[in-house]
Amino acid sequence: MSAASVESERGGLASGLPSAKLEDLARQARGRIVEYSHRTGTPHLGSCLSCVDVLIALYFRSLRIDPSRPREEARDRFILSKGHAAPALYQVLALRGFYPAALLDEHAAEGTVFADHPPTPDRLPGIEAATGSLGHGLPMGVGMALSARIKRQGCRVFALLSDGECNEGAVWEAAMFAAAKQLGNLAVVVDFNKWQATGRSEEVMALRPLADKWRAFGWSACEVDGHSMDELVRQFSRLPDGAGKPMAVVAHTVKGKGVSFMEDDNNWHYRIPTVQEVAAAKKELGLPA
Amino acid sequence: MRNAFAEEITSLGADDPRVVLLSGDIGNRLFDEFKQRAQDRFYNCGVAEANMMGVAAGLALCGLRPVVYTITPFATTRCLEQIRVDVCYHKAPVLIVGTGAGLSYAQLGPTHHSCEDLAILRTLPGMTVLAPCDAMELRLCVRAALEHDGPVYLRIGKKGEPLVHQQAPEFSIGKAITVRAGTDVCMIGTGNIMPVLLEAADTLEERGVSARVESFHTVKPLDEERLHVLFEVFAMVAVAEEHSRIGGLAGGIAEWLARQECVTGRMLSFGTADEFMHEVGPQAWARRKYGLTAEDIATTVLERLGRPSRAIRQ
């Protein structure tokens, strides 16, 4: 599907795209992400592929946003706190119509705004916060959720964190503060792909029981299949929950999801695919060569 | 300065729906009136400064004007990356207020001293750095900072500092204030060292040396226009600050001087040494330790000017 045809369907988003359609979009996004990594030499492919379904579910079903008015004041906010998955966000924002996909195709090595981590909001429509150093997105999201309360706006804030990112102390500072302030309009989604840059996340830091940790910090928490559009959309629709608790969605995912030879292989945290690997990946994804 | 800050932020912020006051679990009674008047815009963020700074950036990105208040090291180095990334990179209009400037909390030990903050914060792109010399300048700084469309670091003392300005001077960010006219030597100060500099000027006057005194309340951006004039008029410019001699106001001026094509000049720098102060005492004692007294400054200035200095000690 071309970006243009996605664009023409934007009107149908309010009523909600069916899951099969979302899954199709996720396949498109994965194909583009793999191609982009090859073309631009951008790493973190495994981390991008593990969160594609979360991004598609949010941008095509859950977020109350209008790509033609990216700075609309009462919009929902999404922060990619795991900023190293920027290539995934870039593709999803393009698919959603924040900017033409051609902008990404024209990516030049020198002077591009498409860094390996998201730029500041003034540089690219759809970006809510520049991230890249882990542990920053959630506190900023807390500020945005707090702002909505102060301004009496109904908007919601979603922050996507990696499991490795949960090593950062600032995440838990933010968790305690959000719970104390009863920020029921705030959600964390943890892309729990069980890996961090150089090791199994559980072996580096004792993360488990991750959902219980969030509960112990005063959040409502649940665990979902992070590749199930139905489960993701259903859970996101529960925000805000009536109890005034921030919500943690621990999304069980597979690093490198969607391309068999990348799945659960942490080499793809840094590896760049070859021409042959791009072709093989696209074939697996059911995309034209 | 602390009380003046609380009064000013309350009078400016309590009725301004953009202003949100965040405190790192200090200043409990200080903001009672603000809390009373704007309950939904005061947050004690606890002992979690990294989060507090990120929250401030998030608020600012939504159009609010957060003011972050805590003891200087915790408002600066403790959460430096959040200041750099969340605040400065986003050009977020956050007002960061560090209380206990320089040696104000000398007695509390090196964890609470802040003699590196100007140097560190000054290097952050887009950051404005303010160090008012008294309660009057502080109030003017707060007003200007809340109108400034970008991040501001405001370094304030403790309480009970003497007033330098008897009435409100003309004020804008980046414009130095001439506190005392003089013709033989120029002394530039920033922040709470200013009363000491004025006393040093008195001492110099007694020795027949007329000293001009400038308050550089804005450490960044420097008042380059004023610097041009000062270096042109005076053979020697002395810079004093309750801060390390590395990277503060004197450092900034020296960097500026190095970039000039036609300006030359002699500089003197008064500040703290490159060390942690393991033995503590009152602020006045700490100033003596680092040669930051009126007599020390006057003596050194006289020596460098080639004038006899012994007489002043008589």
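**Entry 1: chain A overall**

What radius of gyration would a compact globule with 289 residues have, and what does chain A have? I looked this up first. The globule would come near 19 Å, and chain A has 18 Å, which agrees. The radius is taken over C-alpha atoms, and the globule rule is 2.2 Å times the number of residues to the power 0.38.

I noted what I am working with. This is a predicted model, in which local features need pLDDT of at least 70, side-chain atom pairs count only at pLDDT 80 or more, and totals for chains, interfaces and linings use all residues. Residues are numbered from 1 along each chain as its sequence is written, while chains are lettered from A and ligands numbered from 1 in the order in which they are written.

Next I took the span of chain A. Its C-alpha trace covers about 50 × 45 × 35 Å along the principal axes. I counted 12 helices and seven strands in chain A. Helices (H or I, at least four residues) and strands (E, at least two) are DSSP runs, numbered from the N terminus.

Then I checked burial. Of the 289 residues in chain A, 52% count as buried. A residue is buried if 20 or more other C-beta atoms lie within 10 Å of its own, exposed if 12 or fewer, and partly exposed in between, with C-beta atoms placed from the backbone.

Contacts came last. Two residues are in contact if their C-beta atoms, placed from the backbone, lie within 7 Å. Among the contacts in chain A between residues at least 6 apart in sequence, 77% join residues at least 24 apart.

I keep one rule in mind here. Most residues other than glycine have a negative phi, and most peptide bonds are trans.

Which peptide bond ending at A:Pro209 is cis? I found the bond from A:Arg208 to A:Pro209, with omega near -5 degrees. A:Pro209 sits in the loop between α9 (201-204) and α10 (210-216) of chain A. I also noted a cis bond joining A:Leu239 and A:Pro240, with omega about -5 degrees. A:Pro240 is in the loop between α11 (229-236) and β7 (247-252) of chain A.

I then looked at phi. A:His44 has a positive phi near 70 degrees and is not glycine. The loop that holds A:His44 runs between α2 (19-40) and α3 (45-50) of chain A. Is A:His44 buried or exposed? A:His44 is buried, because 24 other C-beta atoms lie within 10 Å.

B:Asp25 also has a positive phi, near 60 degrees, in a residue other than glycine. I located B:Asp25 in the loop between β1 (19-23) and α2 (32-37) of chain B. B:Asp25 has 14 other C-beta atoms within 10 Å, so B:Asp25 is partly exposed.

**Entry 2: chain B and its domains**

I repeated the checks on chain B. A compact globule with 314 residues would have a radius of gyration near 20 Å; chain B has 19 Å, which agrees. The C-alpha atoms of chain B fill a box of roughly 60 × 45 × 35 Å along the principal axes. Chain B has 12 helices and 12 strands. I read 54% of its 314 residues as buried.

How is chain B divided by the domain assignment? I have domain 1 (2-156) and domain 2 (177-313). These bounds come from an automatic or database domain assignment. The two domain centres of chain B, taken over C-alpha atoms, are 27 Å apart. Their contact takes 25 residues from domain 1 and 28 residues from domain 2. On the domain 1 side, α6 (117-122), β5 (128-130) and α7 (135-147) of chain B each give two or more residues.

**Entry 3: where the chains meet**

I turned to the contact between chains. It takes 23 residues from chain B and 19 residues from chain A. On the chain B side, α3 (49-61) and α5 (80-89) give two or more residues. The largest share of that side, nine residues, comes from α3(B). By class, the side has 13 nonpolar, six polar and four charged residues. Ala, Val, Leu, Ile, Met, Phe, Trp, Tyr, Cys and Pro count as nonpolar, Asp, Glu, Lys and Arg as charged, and the others, Gly among them, as polar.

How do α3(B) and α5(B) pack? Their angle is about 10 degrees, and their axes are 9 Å apart. That makes α3(B) roughly parallel to α5(B). Axes are lines fitted to C-alpha atoms, for helices over the stretch in contact, and angles run from 0 to 180 degrees between N-to-C directions. Angles under 35 degrees count as roughly parallel, over 145 as roughly antiparallel, 65 to 115 as roughly perpendicular and the rest as oblique.
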